[in-house]
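The following paragraphs lead a new reader through a single protein chain. Please keep the sequence and the model in view while reading.

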Amino acid sequence: MRDMTEEEYDALDERLTDTVPTLGPNGTGFFSRKGFQVVGLDENTAKILNAKAIASRQTPSEIIASMLRRELAVP
């Protein structure tokens, strides 16, 4: 990947500075006011989770939520 010119850096900086973050359609997302909880994962687990998310076209959060629902299901 080539390095950006000074003008490209300035244009990107201006765009990111002037961009107002928006919430997702249901009030979720990175900038959600509902907040979030950070969970630490080791590097291998994160790689596996990301690969599974890409393969299933889901977010890592959706993968984890699905796994938890299955694990906590009453037999």
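Helix H1 has 13 residues, and the distance from its first C-alpha to its last is 18 Å. This is close to the 18 Å expected at 1.5 Å a residue, the expected span being 1.5 Å times one less than the number of residues. The number of buried residues among the 13 of H1 is zero, so this helix lies largely in the open. Here, buried means under 20% relative accessible area, exposed means over 50%, and partly exposed lies in between, with a 1.4 Å probe and protein chains only.

The model is predicted: local features need pLDDT of at least 70 and side-chain atom pairs pLDDT 80 or more, while totals for chains, interfaces and linings use all residues. Residues are numbered from 1 along each chain as its sequence is written, and side-chain values use heavy atoms, leaving out hydrogens and water.

The chain as a whole contains three helices and zero strands, in the order α-α-α from the N terminus. These elements are DSSP runs numbered from the N terminus, helices being H or I with at least four residues and strands E with at least two. Of the 75 residues of the chain, 8% count as buried. The accessible surface is about 7300 Å², and 58% of it belongs to carbon and sulfur atoms; such areas come from the Shrake-Rupley method with a 1.4 Å probe, and for residues only the protein chains shown count as cover.

Between helix H1 (6-18) and helix H2 (43-56) runs a loop that includes Asp42. Asp42 is partly exposed, at a relative accessible area of 45%. Its side chain makes a polar contact of 2.7 Å with that of Thr45. A polar contact is a pair of N or O atoms within 3.5 Å; within protein, one must be able to donate a hydrogen and the other to accept it, and residues adjacent in sequence count only if both atoms are side-chain atoms.

Which residues form the salt bridge? Glu43 pairs with Lys47, their closest N and O atoms being 3.3 Å apart. The term denotes a side-chain nitrogen of Lys or Arg within 4 Å of a carboxyl oxygen of Asp or Glu, and the structure holds one such bridge. Glu43 and Lys47 are four residues apart in helix H2, and therefore separated by about one helical turn. Both residues are exposed.

Ile64 belongs to helix H3 (residues 60-72) and is partly exposed, with a relative accessible area of 36%.
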